Amino acid sequence: RSGQGPQEAMLVLDYGPVRGHAHPDKLNFLFYAHQRELVCDQGYLWARHHFTPFLSSTLAHNQVLVDGGPQRMVSGELLSFAPGQFAQSMRAQAPDTYEQTDLYERTMVMVAPEGGPAYAVDCFRVRGGERHTMSFHGDGETFECALPFADYDGEVVTRAAAGGDLIRSQARAEPESAFSADWRLEPDNDYGARLTVLDEGVTAYHLTAPGLRNRSTPWADRTLHLLLWEQPGPESTFLSVVETVAGTPRLGAIERVGCSHEAARGVRLEREGATDYVFLADPEAAGETVTCEALPGLSFSGREAVVSVDAQGPSFARIVDGTSLQLGEISLRCSGPMTGTVTAFDDGADTITTVATLPEGEALRRQQLLVAGRVDGAYEIASVERTEAGSIVHLADEPIMGVAEDDAFTIPSVV
């Protein structure tokens, strides 16, 4: 979350437990800006409404379908959460979502420069299955995409993944390069979302389906436009950018940039007065020094790096879950993510005790302590008290404790 009032932007990633009215939508996301939900969840009408099977289906959400089928109802796990003023990020996984998969992981980086536009760089990694299909939709009935779609009568997703027979139309295209698509909330306003797909060699689909969201008009006829793009398995990485729009899209050129390590990906984004670079590295690249020809002088070691360059040179840089970043006069160094084991916890005092030696005081304030294997295992740190035996972590906001002795934890590094 960034900003307040009209400047507020918020990105939500669903990785949590299966409860109540949960849908098969693990790692779905929503994007709020301009005081509106621009990338949305279709929500819930009521159990017997004839659109409910589709609205609660896997297809009606923003995530990857494996072999065209529905997700299983499973919980995921938060792997990293890194707040900040200019750039923020989160990474979560849910490898049990499909029987075929052993990797199902999404990393999202939200960048919100002062004055906008807020945008998100999205990297989704999947391993397992023969066919991987990303499904995305913005809110609103107005949809534009320059791809040469042609009607298609084959199966894109299974009937179970679509909640029945409520898909109204299907069209297919074979993009030759990166492409964009736009959604607007209403024909007579300028608020919406622009998606830019940076993957090559994909097959794209445009589907329409019921788009009703308003329970006060339960029989209104609204159309939802879904854009899907597909890669062959067994292992795929999807890379895209979602820009929140009020009026004309404000991001200029958006392109992939090459990195010195094949397991690292870079995105270059132009905006008024600056150029941003977002780099995302797989675990096998995170421990190596990565460089980029498109940004001479840059080197970093970590899972994520964000750099912004204006007319005077580098103006912002950060490294997440890493140890170093160098660009011009900017030099960032840290010891990387911190790990430990829970030796005791006090639900009344909101503390976790560990033998690990952590930075004392408020050095870790607002950072997250992530307990491995716990769906509700993310805790914001208020302060750390050092003891002879290790450290006592004081947690913020009186959380509901869901930990046990001997649980392992990680504190992501953010510099």
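## Strand β13 and its partners

In this predicted model, strand β13 pairs with strand β14 (residues 191-197) in the antiparallel sense over 6 bridges, where helices (H or I, at least four residues) and strands (E, at least two) are DSSP runs numbered from the N terminus, and two strands pair if DSSP finds at least two bridges between them. Within this pairing W183 stands opposite A193 in β14, and a hairpin of 6 residues joins β13 to β14. Strand β10 (residues 142-145) also pairs with β13 in the antiparallel sense, over 4 bridges, and A181 in β13 is the bridge partner of C145.

Strand β13 (residues 179-184) is largely enclosed by the rest of the structure, because 5 of its 6 residues are buried; buried means under 20% relative accessible area, exposed over 50% and partly exposed in between, with a 1.4 Å probe and protein chains only.

## Nonpolar cores

A nonpolar core is a set of buried Ala, Val, Leu, Ile, Met, Phe, Trp, Tyr and Cys residues joined through side-chain atoms within 4.5 Å. The largest one has 61 residues, and those with the most contacts inside it are F29, F31, Y104 and W229. Strand β16 (residues 223-232) gives the most to this core, with 5 residues. A second, separate core of 20 residues includes A264, F279, A285 and I330.

When residues up to four places away in sequence are not counted, F31 touches, among others, M10, L11, M110, Y119 and V242, contact being heavy atoms within 4.5 Å.

## Cavities

A search of the whole structure finds 4 cavities of 30 Å³ or more. On a 1 Å grid over the protein atoms alone, a cavity is a set of points where a 1.4 Å probe fits but cannot get out, and lining residues have an atom within 4 Å of a point; grid points are joined across faces, edges and corners, and a volume is the space filled by probe spheres set on the points.

The largest cavity holds about 80 Å³ of space, and its lining has 3 nonpolar, 1 polar and 7 charged residues, with Ala, Val, Leu, Ile, Met, Phe, Trp, Tyr, Cys and Pro counted as nonpolar, Asp, Glu, Lys and Arg as charged, and the others, Gly among them, as polar. The second largest cavity has a volume of about 40 Å³.

## Basis of the values

Residues are numbered from 1 along each chain as its sequence is written, and side-chain values use heavy atoms, with hydrogens and water left out. Because this is a predicted model, local features need pLDDT of at least 70 and side-chain atom pairs count only at pLDDT 80 or more, whereas totals for chains, interfaces and linings use all residues.

Definitions and conventions
On a 1 Å grid over the protein atoms alone, a cavity is a set of points where a 1.4 Å probe fits but cannot get out, and a pocket is an open set with protein on both sides within 12 Å along at least five of seven lines; lining residues have an atom within 4 Å of a point.
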